[in-house]
Each structure stands twice: as structure tokens, then as C-alpha cells.
Amino acid sequence: MAELRTEEFLVNMGPHHPSTHGVCRFILTMDGEVVVKAEPVIGYLHRALEKICENRTYAQCIPVLDRFEYCTSMACNQVFALATEKLAGLEVPERAEYIRVIMLELNRIASHLIWYGTTSLDLGAITPFLYGFREREDILDLFEMTCGQRLTYNYIRIGGVSKDIPPEFIPKCRKFLDTFDAKVDDYERVLTANPIFIVRNKDVGVLTPEMAIAYGVSGPSLRASGVRFDLRRDDPYSIYDRFKFNIPTRQNGDCYDRYMIRIQEMRESAKIVRQAIEQIPDGEIQAKVSINFKPPAGEVYSRIENSRGEMGAYIQSPGGVKKPLRIKLRGGSYNQLQVMPELVVGHKIADVVAIMASLDIIMPEVDR
Amino acid sequence: MEIVGIFKYLYDLLASSGLSENLVDVIAYAAAAVMVFGILALIALFLVWWERKVSAHIQQRFGPMRTGWHGWRQTIADAVKLLQKEDITPVMADRPVFYWAPVIAFVAAFAAYIVIPFGDGLIVSDLNVGILFILAITTFTVISLLMAGWGSNNKYALLGGMRSAAQVVSYEVPMVVAVLAVIVFAGSLSMVDIVNSQAKVYQWYLFRLPFGPIAFICYIIAATAEVNRTPFDLPEAEQELVAGFNVEYSGMKFAMFFLAEFVNMFTVSAIGTTLFLGGWNGPILPSWMWFFIKTFALVFIFMWFRWTYPRLRVDQLMEFSWKFLLPISFANLILAGIMKYSGWFNW
């Protein structure tokens, strides 16, 4: 019998696909079920945020940048506010700093909960998705009670925050934190020790530390590869140096480690929030910022640790003008998407989904 | 509540009306077929609703609540919606193959019920090769999945079809071997004989240590794979293959696949009940009620699996079948043979 002729074929995964987290498109060259080559196609969600900001005043940029990475809008606000304050040399009041930290960490938990849900969904387990979103709902309620918004907050402003937290915020937040650890235990019970989950994730998509650093991967995905780098500790911004928290790291850099890191980070974030609501002082929440806010000339880059890696904002100011000359944003997902084609080669099509989920790529951050 | 008596009465009525005996038999079988079909269609509709409710309560939701009491009319509304939908055939599809795939799935799913005893005497035809017939006819599902995958002319559908062929064929083997262990003990392929051999609770094959529980677990695992449900739902892996083999189907054709899937789930549960849980045997309640209670309990287990587990990968799926399930079920078959031969535990 003559040998059967087999050939590779192209599968176009996305832009409309249930597990590409937005509108990412992969052109996969497949040999049966095995991926031979993967080519990401980006830009379906490009909204020209950076360009739009050039035509707006600094204060007006913040609601636009909410859309930069909509799973963690607070961080987008914070990174831009931080850069502007650095540029103008503004001093943020103590209470505002604490509120910011509370919001950022709650937002990190909310973002990790989305990741937890979508990861389990991508691996075929539907129930954990709803568990994750159940707790996220509590966090969104806290945000809503503070700033009236549930997704794009526009809350952290240049020189402070837009509103003080309402009096019932702290008791409600404390109640959430009291139950949250048990809830994370629940999440772990569903997935962490599940044999199917383990075989699907162990040794899948191994990201070596060298590769991670070469591609500029940051955040939990980097720490899962054994690199202990967290901007909250290594380049402290705001008041993060006042809190005690661990930076979980793991050694293997596979999907399972990336999963474990994020689960542990949720617990650490909860610790930070707890410390912050214990220590929060009274006082002003907004530094005095003129309506005609015109920062001096200069260039500034500020960066924060977001749930998807380093988030940065670069501002170029001509000086004496209300609008920035140039803005450049950095999002962690962009670098993590870059490393995808290298990680997925040789894996099955099901692993492409698992790897993408574990890197926690979100398309608005890639496309801006 | 004795349904068999009513049937007997109707049959006698028909026979006494002066028709020839052959004609009466034909009418009786046709009536039985229509009845089984009707009951199964109802069960499938019920299962769709039940699955929604089970999944919802596992996920701390309510599920359908608006249509009737706890949304009981929801699946009826769904069925009506699907009936009204446009029936789309892709331009490049292989038309006859595309058309016949859901029909085969549907027919194969229902044909198995010819030999399933719903109760004491409630069986369409007690074939002396009953279980063999079921195993043979349910395998037709693979053909329909392959046809759907091929006929749709869609890469995702093709991958789904190929996966399902590989999967169902490799899980068929441990399933048959697990069932064989029971047949060795029962000494018959007839479903009625198998049920009769487990009249008392301690005689249920599930409780015949040590081979019974092993065979049961092997059967449940293989059956989950047979009906393509999580953790073995690779043919329609939503997150990888969008919807797998049925990605191009819509309207009534999709509904046929959908119903066939639920009927298949009920089929494997009914077989499990008959082989391992004593079939219709049980105290006080009428026999058909016991059958349904046990079968729905098994269906619930399948649903529970689905809403708790992630999905396996295709190579792990194969590995699990050939390297783990098959050796265990074979060893179990040998064990059952030895036990039968030596006469131990011959309750």
C-alpha cells in the first residue's frame, strides 16, 4: 500500500472565536491536531487611544484611558495620574494614596477573578467561571458605591481621587475580605487538585526565565518562571512600601504555575487591602490642581504592577500647554502575546487555548 | 398503576375485534414504537430542562424561571424556536451527507429502545441478543458524527468529527468489556434475563464484589465518553472547535442532534440501570417507576460530571482509554470469569 499523503492545513482561529478573549486572530498551521506554526494577527480592537489623548487635556485623558485595559480600569487611571503627578511634581494626600491602593488591589483581585473564570472556561469547566464572577460582583458593588461605575471607573484623578469613599465602604469591604479567603479555597478545591486540570496544565507552554526576560514578559507570568520581580516591591510607587505582602514565585513556568501564582496573588492582594483599611487616615482626598493644569516641559515614564504585568505610561509635555504632546502606553499583554507563537509550537490545538488563558492576554491592552 | 395490564387489555380488545393475528401484531408494534418515541421525546425535553436546572443550581443560579413554574415550558419554547429557524446548508457542503447525518444520529439514538425494559414486561421486544443489539446500534452515532464533520466542509467540524470517531471507537472497547463481565455472570444477552438475575438488592451487579463496582465504574467512564459529555466532550469542544461537528447545523437539524444527544445520555443510563442497578426491581413502587428513578439518578451523575470537570486533551483521552481503562476492564473480565467458574459469591 502506498503511503498516504498528508499535508498541513491552515486553521483561522478568530477573530470571532469563543476563547480568544476579545478579538485576537491566530493563523494556525496544523498538522492534524498539532500546531506547527502560529501567527497572531492583532489590531482588531485598535481605538487609537494614544492619539486621542493628544487632543485632550490631561484630566480628559483619564476617562479615555479607562478603555485601555478595561479589566483593571483603576490601574489605567493610576498609571496616567502617576506619570502626570511626577511631571508636575504634585503631592498626593495621604488618604488618597490609601484609597488608591485599596482600589488598585481590589481591582487586581477582580481582574484575577475574570482570569480564573475564563481559564476554567477555556479548559471546559464551566462552573468555576460563575464562582469567579460571583465574587467579582461584590468588588464591583464596592466600586459602584464609591464612584458609580462598574467597569470604567474614571476614579483616580490627577492629584488624588474624585470622591471620598462612603462610610459604609469599609465595613462592606471588611466583610468581603473576611469571606474571600474561604472563597479562594473553594476555587482551589474545584481546580487545583483536579487530576484533569493538572494533566491539562502541567508542562504545557513552558516559559523559561531567559525567554520571558527576552520577550519582556512581566507580572505573574514572569514570576511563574522563577523571576522574582514585582514593581510593587522593586520600584515602589504610591505607598506600597508600607505594606507587608509576599511575592509568590514558582519555578517551572508552565500553565499550572501561572495558575498557582495568580491564585496566591489574590490572597496577597486581599492582605494588602486589609492592611490599608486598617491604617487609612482621615484627611484630604485631592491635591489642589488648577483647572488650567499646565505641567512643565519634560518627559516622564511611570510604571505600575498590574495584574497582567508592567503597565506604563510615557508622557511628553511641551510645557505651558494643557494637552500632552505625545503619550505612549505599555501593556503587559502585548509582550505576552509576542511570546505565544514560540510557546504553542508542538502543542495540540487545545493547548493553544490553555496557554493563551494562562498568560492572561486581553486584547484591548494589546491593540490600544 | 400496572401499565402492563392495560396493554394486555388493549391487545386482547384488538385481537377480539376479528382482525387477523399478523395484522394485530403489526398494529401493536407500531403503537409501541409510537409510544416509545413519544415518551423518549418527552424525556429528552425534560432532560434539557433538568440539565439547565442542575447546572444552574451547581453554579448558584436559578436557571430558567420565567416560563411557567420554575421555567418548565422553557424547552418547549426552545423546540418551537428551533423548528421555526431557517434550515441553512452551506454552499460547499456535501449535501446528501450533510442532510442524512442528523437523521442517522436521531434514528440510532431511538432504535436502542427496542430492547430496553422500562418495567416488568414493559419492553417492545425481548431479543435474545438484546445488549449486543444496543451496543451495535448506538455505534451508529459515530457514523453520523463523521458524516456531519465531513459533510459540513468546515475545518472545525472536520476536526470534531475525526475526534469523535477516534474517541467513540476507543471507548467502545472498554465499555463492551465492562459489560461482558456482567454478561458472563448473568449467562445471557437478553436484557430481561439480566434484570431477572438481580431480583434482590444484594444481587445487583453493582454490589457483587469485587468485580461489580469495577465494571460499573469502567462502564460509567466509557459511557460518558460514548455520549460525548464533559470531561470527554472533545468532539464539540466549544472553546477549541467552536462547536465541533455541529458547527454548521441550524434549525431542526441541530435540534435533532441535540435531542439525540440527550436521548443517548438517557440510553447509557438505562443500560447502566439494567446491567448494574437491578433494572426495574425494587419494593412497593411499580416496576417502571423504579426503572425511571434509577435511570434519572444515573443521568444526574452524568450531569454532575459535566458541570464539575474540565475537559481532557485529545491525546490524554486516548491514553486514558488504551493504557488505563482497557487493561483494567480486561482484568476485571478475567476476574469475573474466574468467579463464575469457581462458583464463589454466586448469590
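Two strands count as paired here if DSSP finds at least two bridges between them. With that in hand, the predicted model can be walked through sheet by sheet, then across the chain boundary and into the helices.

Take the strand pair β2 and β3 of chain A to begin with. In this pair, Phe26(A) stands opposite Pro40(A) of β3(A), and Ile27(A) has Glu39(A) as its bridge partner, again in β3(A). Altogether, seven bridges hold β2(A), residues 25-31, against β3(A), residues 34-41, and the two strands run antiparallel. They make a hairpin with two residues between the strands, and in that hairpin Gly32(A) takes a positive phi near 70 degrees. Zooming out, β2(A) and β3(A) belong to an open sheet of three strands, ordered β1-β2-β3 in chain A, with antiparallel pairing. Its edges are β1 and β3 of chain A, each of which pairs on one side only. From one strand to the next, the twist averages 20 degrees. As a reminder for anyone tracing side chains through such a sheet, in a regular strand they alternate between the two faces.

Chain A has another open sheet of three strands, this one in the order β6-β7-β8, and here too the pairing is antiparallel. The edge positions go to β6(A), residues 298-306, and β8(A), residues 326-330, each pairing on one side only. Neighbouring strands of this sheet are turned against each other by 10 degrees on average, direction ignored. Within the sheet, β6(A) and β7(A), the latter covering residues 309-317, pair antiparallel over nine bridges. Two of the facing positions can be picked out: Gly298(A) sits opposite Ser317(A) of β7(A), while Glu299(A) has Gln316(A) as its bridge partner in β7(A). The two strands form a hairpin, with two residues between them.

Helix α3(A), residues 73-88, lies across β6 and β7 of chain A and runs at about 145 degrees to β6(A). Helix α12(A), residues 332-344, also touches β6 and β7 of chain A, and its direction makes about 125 degrees with that of β7(A).

Next comes the boundary between the chains. On it, 26 residues of chain A are in contact with 23 residues of chain B. On the chain A side, the elements giving two or more residues are β1 (9-13), α4 (94-122), α5 (127-147), α7 (195-201) and α13 (349-359). By type, the chain A residues that touch chain B split into 14 nonpolar, six polar and six charged.

The largest nonpolar core has 187 residues, and the ones with the most contacts inside it are Val352(A), Ile355(A), Val182(B) and Ala222(B). Leaving aside neighbours within four places in sequence, Ala222(B) is in contact with Tyr171(B), Pro174(B), Met175(B), Ala178(B) and Leu325(B).

In general, two packed helices are described by the angle between their axes and the distance between the axes. For α2(B), residues 21-58, and α11(B), residues 251-276, the axes come within 9 Å and cross at roughly 95 degrees. Angles of 65 to 115 degrees count as roughly perpendicular, so α2(B) and α11(B) are roughly perpendicular to each other. On the α2(B) side, the contact is made by Leu40(B), Ile43(B), Ala44(B), Leu47(B) and Val48(B); on the α11(B) side, by Leu259(B), Phe262(B), Val263(B), Met265(B) and Phe266(B). Sorted by type, the residues of this contact come out as ten nonpolar, no polar and no charged.

Asp360(A) has phi near 55 degrees, a positive value in a residue other than glycine. Asp360(A) is found in the loop between α13 and α14 (363-367) of chain A. The cut-off for a buried residue is 20 or more other C-beta atoms within 10 Å, so Asp360(A), with 26 C-beta neighbours inside 10 Å, counts as buried. His70(B) likewise is not a glycine but has a positive phi, about 50 degrees. His70(B) lies in a loop of chain B, between α2 and α3 (74-84). With 14 other C-beta atoms within 10 Å, His70(B) is partly exposed.

How values were computed:
Residues are numbered from 1 along each chain as its sequence is written. Chains are lettered from A and ligands numbered from 1 in the order in which they are written. This is a predicted model: local features need pLDDT of at least 70, side-chain atom pairs count only at pLDDT 80 or more; totals for chains, interfaces and linings use all residues. Helices (H or I, at least four residues) and strands (E, at least two) are DSSP runs, numbered from the N terminus. Two residues are in contact if their C-beta atoms, placed from the backbone, lie within 7 Å. Ala, Val, Leu, Ile, Met, Phe, Trp, Tyr, Cys and Pro count as nonpolar, Asp, Glu, Lys and Arg as charged, and the others, Gly among them, as polar. Axes are lines fitted to C-alpha atoms, for helices over the stretch in contact, and angles run from 0 to 180 degrees between N-to-C directions. A nonpolar core is a set of buried Ala, Val, Leu, Ile, Met, Phe, Trp, Tyr and Cys residues joined through C-beta atoms within 7 Å. A residue is buried if 20 or more other C-beta atoms lie within 10 Å of its own, exposed if 12 or fewer, and partly exposed in between; C-beta atoms are placed from the backbone. Angles under 35 degrees count as roughly parallel, over 145 as roughly antiparallel, 65 to 115 as roughly perpendicular and the rest as oblique.
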